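Reader: Please present the structure, and then let us discuss its features in turn.

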Amino acid sequence: MLFFLCYHHWETVFMNKPVFLRLIPIVFLALASIMPAPAQTQRTVEVLYTEVIGYVDTRTNEFTAKGKRPSRDDQESFQKEQSQLAAKYAAKIAAYPNLSSQDLAYLGLLYDMAEDDEKGLETYRRFLGQLSPDAAGNAVQIARSRIVVYAGRKKLLDEMEKAYEAWLKGSPVQPTLRPSLEGSMAVAYFKDKNYEQAIKYGRSSLETIKNLEAKTWQERSQKTDMYATLVETLLRSYQKSDRKEEAISILAEGRALAFTIPSAKLYQKIMYMVDEYGVSEKKLMEKVESFPAAYPAPEFAVKEWLGQEPVTLESLRGKVVLLDFWATWCPPCIKTFPRLRGWHKKYGPQGFTIVGVTKFYGQAGTRKVGQPDELSFLREFRDDHKLPYGFAVAEGDDTASKYGVLVLPSTFLLDRHGVVRYIGMGAKLEEAENLEEMIKKVLAEQ
C-alpha cells in the first residue's frame, strides 16, 4: 500500500509538539503584558499550568538524580503522563467560575497538550471573544493559529480561513508557523475534496519551508515530517486532478529535498510513494537531481575509529565522501561490501573515500559483550571481509538520528563541499547503479 502519513500526526508534530511547545515560554511571558492583574483564581491556574509545562523536565531530573539516563521509551512515557496531567488540570480549571482571559489562555494551552480538539477550539473562541478584534500579542496569535488547525480538522473551512487571515494581519507573525498553518489547511481542503485549494496552500507551504533555515538537526528532523506530509498531500491532489506530470515533479522535488536536510527517513517515505506511483528514480532525477543545500551534512560524534586516523567531515572537504551506515548483524549490509570494495579501488585515486558508520550494540555475533570486546570483534570483522576503508563507531543513536536513518544499510553521498547529493537505502541493484552514476558525476565536478 502507498505509504500514507497520518494527517493528525502532521498537526500534532508541527502545531502541538515540538514546534508549538517551543513557543509556550513566549506565550507565558506575553500573557502578563496583555492581561489584567491576576486574581487569586488566576494565580492558581498559572501554578497548575506551570506544573504541567515542567512535568517532563521534572521526571527527567528525577531519573538523573538516581544516576539513570531516561531512554526514548521513558521520554515517551513522560510525555504521555504530561498529556494526562494536562487533561486532568484542564477539567479542574474549566469548572472554575468567572474565568478571565488569561485563565482561558492557559486553559487553551492545557487542552493543546491534552490533544482535546473540541474543548481547545471552544476555549480559544472564548479567549478571543473577550478581546477586541484587533488585539495583538503572542497569546492572541497562538489562539488564532490553533483555531486554524482545529477548525480545519472539523471541516469548518470558513472559520479556518477567517482565523488564518486574522493571524496574517495580526502581530507578531511567527514566520516558522506559517508553513505549518498552510500545510494544515492543505490537508483540510484535501479531505474536503477541494484539490485546487489543497494544491494552493500545499505549494505555498512547501516554498516557505524550503527557505526556512534549520540550524540544528532537531529542526531538520521537524522539517522531514513537514516535507513528507506536504509532498503526499500535493501528490494525491495532483492525482485527483489528473495532473500526472506535476505529480511526478513533486515526487522528484521531495526526493531532492531529502538531501538538503539530509534525511534517509524522508527519502524512504518519498520512495515508498514513488514505488506505488510506478515511476523510476532515474525519471525523477531527470526532473530534479538535487537542490543546493544551505548547510553541509551534519558532523557526528565518534567514540572510536578503526582502520584510519580520526577525521571530521569538515576535514574531508575537497573529497567525495560516502557515509555507509551499517551493522555487523545486518545481512543486506554485508551484501553491499563487494560493491563498496570495488568503488573504493576504482574511484579512490580520484578523491573518493568511504567511511563505514556503525555504533556499539553491546554484542559480538550472538554474544553480549562490553565495548572493548566489541571493538576487537569489529576489527576481526573488518579483516574477515577485507574492507579497505575505516569505521566510525558511535555511541548511542544520536548520529543515526541526525541523518534520519531508520533502516540499514543507508548511504549518503557527499560532494566536495560536504553537501548530500544522493541517499541510498538497502541493497537493490537499481539504486546501486544510480548511486554509482552520481559518484562519477560528483567526482567530475570542480
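Reader: What is the volume of the second largest pocket?

Author: This is a predicted model, in which local features need pLDDT of at least 70, side-chain atom pairs count only at pLDDT 80 or more, and totals for chains, interfaces and linings use all residues. Residues are numbered from 1 along each chain as its sequence is written, and side-chain values use heavy atoms, with hydrogens and water left out. On a 1 Å grid over the protein atoms alone, a pocket is an open set of points where a 1.4 Å probe fits, with protein on both sides within 12 Å along at least five of seven lines; lining residues have an atom within 4 Å of a point. With volume taken as the space filled by probe spheres set on the points, the second largest pocket has about 390 Å³.

Reader: Which helix supplies the largest share of the lining of this second largest pocket?

Author: Of the 16 lining residues, the closest to the centre are Met271, Asp275, Met425, Lys428 and Glu431. Helices are DSSP runs (H or I, at least four residues), as strands are (E, at least two). The largest share of the lining, six residues, comes from α15.

Reader: Which residue in β6 does Leu306 stand opposite?

Author: Three bridges join β1 to β6 (residues 390-394), and the two run antiparallel. The residue opposite Leu306 is Phe391.

Methods. Pairing = 2+ DSSP bridges.
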